[in-house]
Amino acid sequence: MNRMVESTISRTDKTEFTECWRTSWKTPYIMRLALSAGIGGLLFGYDTGVISGALLYIREDFDSVDEKTWLQETIVSMAVAGAIFGAAAGGWMNDRFGRKKSILVADMLFFVGAIVMAVAPAPWVIIVGRIFVGFGVGMASMTAPLYISEASPHRIRGALVSTNGLLITGGQFLSYLINLAFTNVAGNWRWMLGVASIPALVQFVLMLSLPESPRWLFRNGKEEEARSIMERIYPAEEVEEELSALRTAAEQEKRIASSLGDEGGLFGQLRSAWRNDAVRRGLYAGVTVQVAQQFVGINTVMYYSPTIIQFAGFASNKTAMALSLITSGLNAVGSIVSMFFVDRYGRRRLMIISMIGIITCLIVLSIIFFRASVTAPKISPTETAFFSPNASCRAYTEAIDAGSWGCMTCLNKENHCGFCSSGINPREDGACLEMNDEVRGMCRAEKRIWYTKGCPSKVGFMAVIFLGLYIIVYSPGMGTVPWIVNSEIYPLKYRGLGGGIAAVSNWCSNLIVSETFLTLTEHLGSSGTFMLFAGFSLTGVVFIFFLVPETKGLQFEEVEKMLKKGYSPFNKKRSKSNENVVD
């Protein structure tokens with residue numbers, strides 16, 4: 001008997017991704033639902049990536065942004081702050097008004113925000129636009145995977161929800177292409193930010209012709225409407241089985257609700273959710289993976305990747321964005337890998353393997369940036385004197401220890417100076433000069449390279465390689481799986497609320513990381529900052545090991561039963577029985 005079960009499982013595992021495409025080919029309506037809703041992921045990814053390149057040119061247009069690190073961090077992170085409120089409101093809207101209407105509202109907010117940013121006359125207007133975009137991204141980030149999950153047959157649910165992850169990384173890749181395309185165009189950053197309004201408009205039009213989530217309809221008393229949609233998604237022989245499972249879950253919810261009495265609005269619903277063992281344990285797992293996803297430092301790489309590459313010694317904006325395009329492309333490839341393996345090897349295993357790879361890459365990156373800082377070129381009095389006396393960095397000429405100055409000291413934020421490389425070899429000793437447009441022009445007129453973020457380095461290319469490896473190990477696991485887990489781990493009644501809480505935790509963590517990254521690099525250096533993220537990642541993998549169960553191949557109702565019983569990674573019998581569920 002065991003051999004027969006194991007044989008069936010192996011056969012199912014090997015064909016799940018194939019089954020996804022076979023089912024979608026036979027029933028293209030399923031893929032239409034997934035791709036249309038997944039544009040929300042594209043918007044999410046585009047916003048994450050576009051600001052990294054746009055910021056380089058916003059700094060050039062507004063001196064106040066270039067001079068103030070906190071203003072750069074605010075421009076980046078205000079979208080994240082908006083996303084926190086968007087995700088919170090989205091959780092409530094999803095349960096009250098449905099998944100479809102939530103996506104439509106998200107599209108309108110994103111469209112308005114993109115237009116505001118494109119015409120912004122001052123940094124504060126960009127910030128307002130970023131907040132609007134954030135509201136939309138926050139809603140879309142938790143609604144899109146939820147809609148796809150509830151409109152997918154459970155045997156291919158993981159692969160279909162992964163399309164949302166693929167579109168997130170595809171959006172990031174697209175944003176880098178757009179950034180590169182508009183590099184030499186007048187009003188470059190305005191075009192970069194304004195183009196985001198197009199996919200929002202496309203999704204709005206597409207969603208108008210699509211139905212509401214059948215599970216939400218069923219729970220809100222529209223059984224016949226839900227049935228008609230499920231008949232277009234499931235084979236005829238499975239429709240009654242799915243409806244029966246939904247009916248059982250709905251009856252259980254009614255019994256629980258009647259025993260608890262009136263929930264008393266949102267706070268009452270939160271109390272009710274917390275008293276429910278399945279919801280509470282689901283939140284332990286869902287919040288854990290969302291917080292861990294951010295504290296591995298991924299969005300410092302996505303928001304600031306051109307800046308990080310400049311830290312590694314690549315001074316040109318165009319070069320930094322071109323190299324960033326490679327990391328973004330690897331992120332998209334990783335999402336495709338996830339689609340192949342998430343239903344074969346499971347959510348939990350992919351995340352743990354991903355975290356181990358992330359920790360390794362972060363430690364190596366820390367070592368590389370440390371090596372780059374200690375081998376940076378020195379400041380040459382001769383090279384500095386080559387330019388006019390007024391061009392020399394005032395802090396350098398007045399320093400008692402000027403003889404010990406190196407490139408990294410020159411670029412210290414407090415000194416407001418730039419490094420002009422040697423005319424013979426960029427890695428030789430160079431000049432420390434005042435940071436302004438006139439001096440930068442003088443340096444470049446001598447065919448030298450002007451550095452303001454990082455110093456020339458022999459190991460800079462290694463930083464780019466390990467940033468790429470970091471993305472490769474992050475994307476198939478921690479990149480896509482946390483959203484899959486949160487789309488399937490909560491009971492139906494609390495799915496919007498639970499997903500909203502988890503999404504808020506994700507965006508709060510994102511805000512903390514993105515708002516502090518540049519400040520951390522100023523105080524700890526790039527090396528210390530990446531080592532700090534390695535420590536956070538180690539903590540995250542421990543929490544994932546103890547709190548996150550495997551949900552591969554389980555129906556929503558089976559996941560709920562598992563959480564009610566409780567999960568332990570050391571309970572081999574229960575864990576094995578969960579993994580051996582055959583669709």
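The following paragraphs go through a predicted model of one protein chain, from its overall make-up to a few local features.

The chain has 583 residues, and 60% of them count as buried. Its secondary structure consists of 26 helices and three strands. Of the contacts between residues at least 6 apart in sequence, 81% join residues at least 24 apart.

The three strands make up an open sheet, ordered E2-E1-E3, with antiparallel pairing. Strand E2 (431-434) and strand E3 (450-451) are the edge strands, each pairing on one side only. Strand E1, residues 417-420, is joined to E3 by two bridges, and these two strands run antiparallel. Phe419 has Tyr451 in E3 as its bridge partner.

Among the helices, H22 covers residues 460-479 and bends by about 30° at Val473; a proline, Pro476, follows within four residues. Most of H22 is covered, with 14 of its 20 residues buried.

Helix H8 spans residues 188-194 and includes Asn188. Is Asn188 buried or exposed? Asn188 counts as buried because its relative accessible area is 12%, and the cut-off for buried is under 20%. The side chain of Asn188 reaches the backbone oxygen of Thr183 at 3.3 Å. With neighbours within four places in sequence left aside, Asn188 is in contact with Tyr57, Phe182 and Thr183.

Aromatic rings are the last topic. A pair of aromatic rings is described by the distance of the centres and the angle of the planes. The model has 13 aromatic pairs. One of them is the edge-to-face pair of Trp92 and Phe97, at 5.5 Å centre to centre and with 85° between the planes. Trp92 has 40% relative accessibility and so counts as partly exposed; Phe97 is also partly exposed, with a relative accessible area of 35%. Phe545 and Phe546 form an edge-to-face pair as well, with 5.1 Å from centre to centre and 90° between the planes. Phe545 is partly exposed at 32% relative accessibility, and Phe546 is partly exposed at 40%. Which residues do ring pairs link into a cluster? The cluster consists of Phe44, Trp483 and Trp507.

Technical notes. Residues numbered from 1 in each chain as written. Predicted model: local features only at pLDDT ≥ 70, side-chain atom pairs only at ≥ 80, totals over all residues. Heavy atoms only, no water. Buried < 20%, exposed > 50% of the residue type's maximum accessible area, 1.4 Å probe, protein only. Contact = heavy atoms within 4.5 Å. Pairing = 2+ DSSP bridges. Polar contact = N/O pair within 3.5 Å; in protein donor to acceptor, adjacent residues only side chain to side chain. Bend = angle between axes of the 7 residues up to and from the residue. Phe/Tyr/Trp six-rings, centres within 6.5 Å; stacked < 30°, edge-to-face > 60°.
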